[in-house]
Every structure is written in structure tokens, then in C-alpha cells.
Amino acid sequence: MKKFKTVMFSFLVLMLIVSQMTGSLSKKVFAEESVNDLIILQNVPQVEINQDNIQLNALNVYDEGYFTQVSEDVKWSSTNENVAEVDQDGNVTLTGQNGRTFIKVTNGTYEDQITIDYKVDPDHASEKGKPVSELQVIKQQGDRYDLIEHALNELTIEEKVGRMLMPDFRNWDGENVTEMLPEIEQLVKDYHLGGVILFAENVQTTEQTAQLVSDYQEAAEKFGLMMTIDQEGGIVTRLQSGTDMPGNMALGATGSEDIAYDVGQAIGQELHSLGININFSPVMDVNNNPDNPVIGVRSFGEDPDLVADLGIAYTEGLQSAGVAATGKHFPGHGDTDVDSHLGLPEVPHDRERLEQVELYPFQQAMESGMDMIMTAHVTFPQIDDTKVTSEATGEEIALPATLSHKVLTELIREDMGYDGVITTDAMNMNAITDHFGPVDAAIRAVEAGSDIVLMPVGLEEVADGLLDAIDNGDISEERIEASVERILTLKLERGIIKQENPQPVEDKIDNALQVVGAEEHQQVEKEAAEHSITLVKNEDHALPLSKDVDGEVVVVGNSFIDDLGDAVESYHDNTTVIQTSGSLTDDQLETIENAEAVIAGSYTFNVNGRSPDHPEMELINSLPDMTDAPVIAVGIRNPYDIMAYPNVDGYLAQFGFNQASFAATAATIFGENQPTGTLPVTIPTIDGDVLYEFGHGLSY
């Protein structure tokens, strides 16, 4: 009996081994049978070649219409190693000798090549007059490289529609989604999703984020996923680890394209190391309305040229790191006093004014190579005066830009000549959900010209609704294919390609830990913060304060006041923090009366918060009457705060609440940072006159 059991056990083990071998063999045979070509990615027309660092990649092209990056079981070679060599990872190295070589790759069945020319350029010479050689990488041509046309011919309509859907999975069953769940993995596959947007709930640590993103890519079928996030910097910063860059208005205060580029590049490098390949940034809105409740310091400022110049510099930095940039919120959310998360704003200006202000930065960004444009849930009656009936109220309302064919197709595509990807803003915002059903809204957005439906409300219902609209002729398959073509073009341009032999996740995590929060990125953060601090008012040279005085420095305020207090205390040990939302005790009044200096921090984000009647604003306005000491106010977020307390002795605009900005403010207060920032917006008086002009800024 014992012998029988032993024999049976051995038989079962053998069968298991054979089964596994057969399964592996079947997969290998299937893969070989469905591969119909091997090409070099850089031969694809949509892919730009980095002439400074030639890294070639091989793609398997499949009968089913998709392509994947492959690094194993392929062999690279150079026909003339005297000109250039290539290693087995596809890295090309020039020897410096003039000539031509063909870099080839093969898997034993298929082969492709690309041409490397290194020869004297007769039109250029060195400073000493010697001829200079120039590198030219020459692509091969032919139908085999038209990967997008191949995909469009083979993909099902369900697969095409899926590429246009980009849901969020912030929570699942009431818990934050910080790791891949089987249910989410199945949704990625079932709906052939083109991408996913991540939020703060999803990205807790560097290790966890890299793992989650890697798992999403592993779950994707046929094509790589667009892994997206809103990592603007400043008040919209999703990553819970890494470098906390100052926001756009802080960059606007620096006026420096170099700093904007460096910030964009650092953000891009951190995202890229985590596997996040698209950033929904920068904000290209021109914030010329002090009452704007949703854009504000997310904008570079009120001047269209400033917004365009810094937005393009930020974009170039971001895209230099391999991360796609997204200009938002088209046609412009800056001149509104309603938050589209909560209601439906209107921008009433005519076309001439829009072209000079709101549209100008977007036009410049489009022409400079902006990868994506995000639309705004805002009405522009001078562009589209179409009226629709609100499903919720039954009243007639103007059609928001996100759902407008006149805005998305006629304005963006035809008039402005943009051929990149258009995405909606989040479709779960009240400006949409209050008036349109989720399926109707998605259909309208696609009909209008949007390529991506971001955060659809009800993934299954929206997917089915779009397919029904195609079946009944409301949306043509050609319209869907135009969007899929743009999406796949972007994926090729940015290397968002499914990998057959992905880097081990442990290696990805190790690399991310070196990049996210790197010392050089912290230095960029520090430089941006220090250059952004803007000295708006300095009555009787109240600033800088001396670090050597013996008296007490009192820091008073409510939100983020401990952060300001800690920064001040790092320069002056005898610092007292009074946290209050308005009223003071007798002891606190006495402390302020006897202070050597009083520093008041205000934090506002809406019109009500900065009203002179607000208790916090009333308190700051009354401080000069409580003490003979200089009263220095700090607008922690909004530079407009001084409208409520114009009688303080000194005023600094900080533009955000990241730690580097608090440190920079304290350094400025005590004279260790020379204030060089200038106002990127005009600060009006309460009555609407000008209190401080755009470009105003003092120094020591």
C-alpha cells in the first residue's frame, strides 16, 4: 500500500510538471503564432528620437492589432561598429568616426533595422573653423510601421470605446484603494480601460505607489495604461511622499521660466519613477478674478503672457522627464466666481476678448507641443449659446464647454489647429451631474469631440450607453476611431507601451526611492519658494526683523499658524504662538501689547474668508491698535488677504502652505532671504480700486 501511494504521488507530480510545461509551451506557441512582426519602436512615425541618447526599443506586433515592448529573446547588432555600437539593451554608442551603420534587431524570425549616419555637416564648423560632424538617425518607412492603423483595423468596438474611459478607484467598499484588488483588475480587463486617475487616497508611500502602478500595468491588456494624477504643486498635490513643490502662483511671483522648468522637470521625474505617465497639469487659466473660488493660486497669474511663458516652461520640464502634460481648464476657468465642482459657472466675454486673454495661453501651449488639453465645465455663451434643458430642474441652461461641439471641435480642432488629446474634466462634478444624466453627459462629450471621458459616473452604464449610441448611429465609429488614434499616438510618443518583460517591481521601487524626494528636488523646491516670497508692504521699514532682539515675537492666527510659528521660532527662540479664530483672552492681549513684533498669518480661500467682517480679518485689522510693535501680516495662501487689513505695517504674500514656503517666509522676515517676488495679480481695494498693481514688489 505504501509503495502504491508513493507511485501515485510520483505520478501526480509528473502530471503536474507535464501540465505546467504544456501550459507554458501553449502560451509560447500562441505568442509566436500571433506575432506577425518585430519592429524598432523608433521607426514608428509618431515617435521622436532623442539624438543625445539613442535608446532603441523592439516591439512585437500582434495579429490582434496590438503591440508590446520586448527585451528578451531579441538580438541587437551593428553592421559597422567603427561608426556605432549597440548593446543588447538597445543602447547605441557613437565611436566618433564618420560613416554609416545599420542597427539591427532580430528574434530569429523577424528583423528590423534603423540607419545611423554620422558625417560632416558642410554648413557648420567649430569655433576654430574645423568641420563638425552631425548625427542623423534615419527611420525606415513602410506599412509595417503604421501600428495605429493596424490597431484600428483589428480592435473591436468595445475595445475602442474602452480606450476612451478613465475612471478613478479612490475607494472600494469604504476603504482607500492602496493595492490592486481582484475586482478592479477585472474591471480594467472587462472594459479594456485606456487609463486610470489616481488620487491622494491611492498614493500613500513611494513603495506602495510604485507597486500599485505596476500592478495596474500588469492588469492592462494589449496596451499600456495611462496612469494619471493631478500633481500641480502647491494646494493640489496628490503624492503623499516626495517633494512638495510651490504652486503656480508662487512660480508666477518668481517670474522665472527657468524655475518653472525645473519645478516641472522635478515633478515629472518623481512621477516617472513611480510609473505615472500623465500629469493633469499645468493650470493654464488666467486668474483675473479675485473672487475665483477654485482656481486662485493654482494659476500662474492674471497676465496671459506670464501664464503662457511659465506654463510652457513647466510643460517642457515635465515632458522632458517622459511625463505627458495637460493644459487645463479650457477655454478658461480663471474669470469665474463659481466653483464648477459645485455649480455651473459662466464666462460672458466675446470672442475678441477671449482670444486676447483666456485662449491665449492655451493657443501658445498647443503650438509648443502640449500633449493634452482638459476642458472646463464652464459656459461660454459668446462661443456657444446653445440652450439645453436641465434634467434636474427642467430649466433652460447654457451648454458647458465640456459638452460643446462648437468649443471642442470647431474652436480647438478647427480654429486653433490642435491635434492632441482632449480630455473632459471630472464628469462627477456638480456642473455636469446637476443637469445631465451620466450616460447622456458622456455621449454629449464624445459627440462634442472629447477623446477621454474622465471619471464617468457608473462605468458599466456609461460604457454600454456609448456602445448603444454607436449602434443607433448617434456616434459614428469613425468618430471613436479618431479619438483612439490620438490616444494611441500619445501612448507611442510617451512610451506608454505594454511590456512583455517588465522591470522587476523591486527594481522599480528601489529607483523610485532614489528619485522621489531627492536632495536636488528639495533644492528646486527651496529655490522656488525663496524667489516667490513677495514683500507687498513695508511701512517705516518694519522688515526685516533682527534675530538678536531679546523681546518676544508673537505669531497669531488660525489655519497653519503652528507651521508659521515653527518657522519663525527657528530664527527667534523667544516666540509665542497664539492660535485663535478671532477673539483674544486678556492674557493674549497683554502678550501682544508687550511684544517686540507681531506676525499675523491669514489663510483664506474664498470671498467670505477675506471679508473685513470676518472675525479673523477683524482681529488682524485691529492688531496695530493693540501694540506699538510692528505688525507683519502673511497671506499664507491668497495674496488678496491684505484687502481686508490694509493698515498693517508689513505684508508678505506666500502663495501656499508647503513647508518650504513657510521656511522662506521666516527667512525673509529675518533678513536671510532677499525678497524678489512680484505680484502676479492685481490686488484691488474692497471698493474695486487698485490697492497694489500687477508686478508690484518691494525689496530690502
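1. A residue is called buried here when its relative accessible area is under 20%, exposed when over 50% and partly exposed in between, computed with a 1.4 Å probe on protein chains only. By that criterion L56 is buried, with a relative accessible area of 1%.

2. The model is predicted, so that local features need pLDDT of at least 70 and side-chain atom pairs count only at pLDDT 80 or more, whereas totals for chains, interfaces and linings use all residues. Residues are numbered from 1 along each chain as its sequence is written, and side-chain values use heavy atoms, with hydrogens and water left out.

3. L56 lies in the loop between β1 and β2 (58–62), strands being DSSP runs of E of at least two residues and helices runs of H or I of at least four, numbered from the N terminus. Not counting residues up to four places away in sequence, L56 touches I40, Q42, W76, D89, G90, V92, I103 and I114, where contact means heavy atoms within 4.5 Å.

4. D37, placed in strand β1 (residues 35–40), is likewise buried, at 11% relative accessible area. Its contacts beyond four places in sequence are L59, N60, V61, Y110 and R144.

5. Strands β17 (residues 278–279) and β18 (residues 324–330) are joined by two bridges, and I278 has A324 as its bridge partner in β18.

Notes: Pairing = 2+ DSSP bridges.
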